[in-house]
Amino acid sequence: MGVDVPKNLIYFIYYGGKLTHYHRLNLRLLNKYWRVFNGKKVVKVAVDGKAFLEPLKSLLPSDCEIEIVENNRILGESVHFMDSINRVKDGITFYAHCKGVSRPVWSGLDIWIEQSYKRNLETIPDLSSKLFSGICGKLLPCPPYVPQDFHYSGSFYWFNTEKVKARLGKYEMNRYLTERFPAIIADKSECNFAYPYSEKNLNFYEERTWINL
């Protein structure tokens, strides 16, 4: 397969009617790397009832088509996740989301977000023989949120589209489904863990974590 394949995007944004620092940061980075994606792009914007979307739209790539969905306060992006996967095909797919939009500004979170785009999108993984690839891998269970034996912290990851779709089944709907998903589908040996990753439960929200890597 190599890296010269269609590169799809699944992207999720929660918009509560007001732009935040993290909308601006995420969408600046999405614009920067937008041309990486030459395949299908599924971009969903979750809103609470009616929302004036023009401020958000002004930050999106000019050719970005969005689908408006109802925000689910309990399940979040997970409720829309499987539908998005069913819309992509072939090549490899990058799953990401507008991270941190409901949180206060935090320097460590800024670094994490920036690295999640840069390190995943400046070097495209070869998924010829693997199912998933991403940074910030935690190679241990992190209950109660992620009881599986690994996950990509932050839920930014690439996957081999057709190999993953071939394994899809029915899953318990859970707020953390997108984070648990790689380990539900694949064994650890079937995944790439790009730098940084750890066998410890590192807190990637903390600036000192990045300083000490």
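In what order do the seven strands of the open sheet run? Select the strands and read across: S3-S2-S1-S4-S8-S5-S9. The pairing is mixed. Keep in mind that this is a predicted model.

**Stop 1: the edges**

Select strand S3, residues 66–70, and then strand S9, residues 191–193. These two stand at the edges of the sheet. Each has a single partner strand, so one side of each is left without a neighbour in the sheet. Now look along the sheet. From one strand to the next, the twist averages 20 degrees.

**Stop 2: strand S8 and its partners**

Select strand S8, residues 157–160. Strands of a sheet pair through backbone hydrogen bonds, either parallel or antiparallel. Which sense applies to S8 and S4, parallel or antiparallel? They run antiparallel, joined by four bridges.

Zoom in on Trp158 of S8. Phe94 stands opposite Trp158. Ser133 stands opposite Trp158 too.

**Stop 3: the two faces of S8**

In a regular strand the side chains alternate between the two faces of the sheet. Show the side chains of S8. Tyr157 and Phe159 are on one side, and Trp158 and Asn160 are on the other. Are these four residues buried or exposed? All are buried, and both faces of S8 are covered.

Stay with Asn160. Its relative accessibility is 3%. The cut-off for buried is under 20%, so Asn160 counts as buried. Next, pick Lys163. Its backbone nitrogen lies 3.2 Å from a polar atom of the Asn160 side chain.

**Stop 4: helices on the sheet**

Select helix H3, residues 78–85. Which strands does H3 lie across? They are S1, S2, S3, S4 and S8. H3 runs at about 160 degrees to S2, which spans residues 41–47.

**Stop 5: H1 beside H4**

Select helix H1, residues 21–33, and helix H4, residues 107–121. Their axes come within 11 Å and cross at roughly 15 degrees. Angles under 35 degrees count as roughly parallel, so H1 is roughly parallel to H4. The crossing is right-handed.

Which residues make the contact? Show the side chains and look for these, among others:

- from H1, residues including His21, Tyr22, Leu25 and Leu29
- from H4, residues including Leu109, Ile113, Tyr117 and Leu121

Key: Residues are numbered from 1 along each chain as its sequence is written. This is a predicted model: local features need pLDDT of at least 70, side-chain atom pairs count only at pLDDT 80 or more; totals for chains, interfaces and linings use all residues. Side-chain values use heavy atoms; hydrogens and water are left out. Two strands pair if DSSP finds at least two bridges between them. Axes are lines fitted to C-alpha atoms, for helices over the stretch in contact, and angles run from 0 to 180 degrees between N-to-C directions. Contact means heavy atoms within 4.5 Å. Buried means under 20% relative accessible area, exposed over 50%, partly exposed in between (1.4 Å probe, protein chains only). A polar contact is a pair of N or O atoms within 3.5 Å; within protein, one must be able to donate a hydrogen and the other to accept it, and residues adjacent in sequence count only if both atoms are side-chain atoms. Angles under 35 degrees count as roughly parallel, over 145 as roughly antiparallel, 65 to 115 as roughly perpendicular and the rest as oblique. A crossing is left-handed if the near helix is turned anticlockwise from the far one by less than a right angle, and right-handed if clockwise.
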